[in-house]
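Dear colleague,

Please find the structure below, with its sequence. I would be grateful if you would read the notes that follow alongside it.

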Amino acid sequence: MKFDSKCLHAGYVPENGAPQTFPICQSTTFRYRSTEQVAKLFDLTESGFFYTRLANPSVDMVEKKIADLEGGVGAMCTSSGQAASFMSIVNILGAGDHFISSSSIYGGTFNLFAVTLKKLGIEVTFVDNYASESEIQKLIKPNTKAIFGETITNPSIEVFDIEKFAKVAHANKIPLIVDNTFATPYLCRPIEFGADIVMHSTTKYMDGHAIQMGGVIVDSGNFDWEASGKFPEFTQPDASYHGVIYSKDFGKSAYIVKARVQLMRDFGCAQTPMGAFLLNQGLETLPVRMDRHCSNAEKVADFLSKRSDVEFVTYPSLPSYKHKDLAEKYLPKGYSGVIAFSLKGGRKAGQVFIDSLQLASLVVHVADIRTCVLHPASSTHRQLSDKQLQESGVTPGLIRLSVGLEDIEDILADLQQALDKAMKA
Ligand SMILES: *Cc1c(COP(=O)(O)O)cnc(C)c1O
């Protein structure tokens, strides 16, 4: 099946007389007839559902679909994107370990890496997305266990050079983890470029309708934990499961099985059956939505770039975009719906612009079917001075615009009237 068909049919094939649509299995637990069988489930010598924190048929179906869409061997849904980022790292790193992350990443991920993981004894070094292979190599230490980056960065709209980072990761026998939230597997499939693990905030385009939180981790199955020699947790017996050896007993699925049976068991940030159902609803129309997000955003970027009150617009379709080669290589179908732009009038103009919008909504969200905006200087970054803003890469007039699926004429008319008011302010 081609990608668009998989969005509708992968993960669930109804049997004769079974429901046509993905059923919601609203049960916390599953009944068995013998203690012997339950014992086998607990020893991981047999697979089956027994408790929804670990696995549930509805969640399983959407996990199979996402694994297929990304081209991986398995996937695990989580209660949020933050949970997925956290578990994608701690499944391979522990206290005393180090990893490298692109510095252009989602603010929540930045805080998780720089502050919270540090408290747990995991150290990160941030690197510029455009650093050379040798510059990245210089940051590798004996205890470096992973590299992390975002396909399209939130909110700076840079494109992560997956092949470059994969090359350095693999030369050092460590995996590359890619957050593919903004691109979705429709626009980019990071595994094809060498990513070993892919994760998402499914809260964004995958769901797409702003109705439920979620995250997912996908295992490519390509990383050779045994050949690396750096990951004893994968290649030596796990006492909590009677000596299971993940790389030996689960082969290509070692990473994703370990994430589920150790981390989901212990942390419990599971997706719900209802959440999985809603996520699946979103995935069914992903290709159609993404095409329209991309084409609407291109038109909006073009419109903004022609206005004299706009300081700059960052969107890969524009001739002014700095790294067009990367955008064209990794995102041949389009660049998603998210645009960053800045008003010459600074903080005040940004505020008046947002307050004057009628169709586009002010929400702390992005990648939704409805056009939405955020002005970091008056919201998420409001406690920072103009100087501190510049240092964190956010100009006072920066606006993150997430272009929705409304008629393009309505979107442009709304932006135009709000910009005109901001200009006069
Ligand atoms: C929103 C977001 C996250 C965090 O996901 P939540 O579902 O909000 O927890 C992670 N990465 C990126 C790129 C995001 O946009």
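This is a predicted model: local features need pLDDT of at least 70, side-chain atom pairs count only at pLDDT 80 or more; totals for chains, interfaces and linings use all residues.

Residues are numbered from 1 along each chain as its sequence is written, and side-chain values use heavy atoms, with hydrogens and water left out.

**Cavity and pocket**

On a 1 Å grid over the protein atoms alone, a cavity is a set of points where a 1.4 Å probe fits but cannot get out; a pocket is an open set with protein on both sides within 12 Å along at least five of seven lines; and lining residues have an atom within 4 Å of a point. Grid points are joined across faces, edges and corners, and a volume is the space filled by probe spheres set on the points.

The whole structure holds one cavity of 30 Å³ or more. Two or more lining residues come from each of α3 (57–70), β1 (74–78) and α12 (254–267); helices (H or I, at least four residues) and strands (E, at least two) are DSSP runs, numbered from the N terminus.

The second largest pocket has a volume of about 750 Å³. Among its 27 lining residues, Ser47, Gly48, Ala55, Arg260 and Val261 are closest to the centre. Helix α12 supplies the largest share of this lining, five residues.

**Selected residues and helices**

Gln262 also belongs to helix α12. Gln262 counts as buried because its relative accessibility is 11% (buried means under 20% relative accessible area, exposed over 50%, partly exposed in between; 1.4 Å probe, protein chains only). Leaving aside residues up to four places away in sequence, Gln262 touches Glu233, Asp238 and Tyr246, where contact means heavy atoms within 4.5 Å.

His381 lies in the loop between β11 (372–374) and α17 (386–391). With 24% relative accessibility, His381 is partly exposed. Its C-alpha atom is 8.4 Å from that of Val394, 13 residues apart along the chain.

Finally, the buried residues of α14 include Leu286, Met290, His293, Ala297 and Leu304.

Yours sincerely
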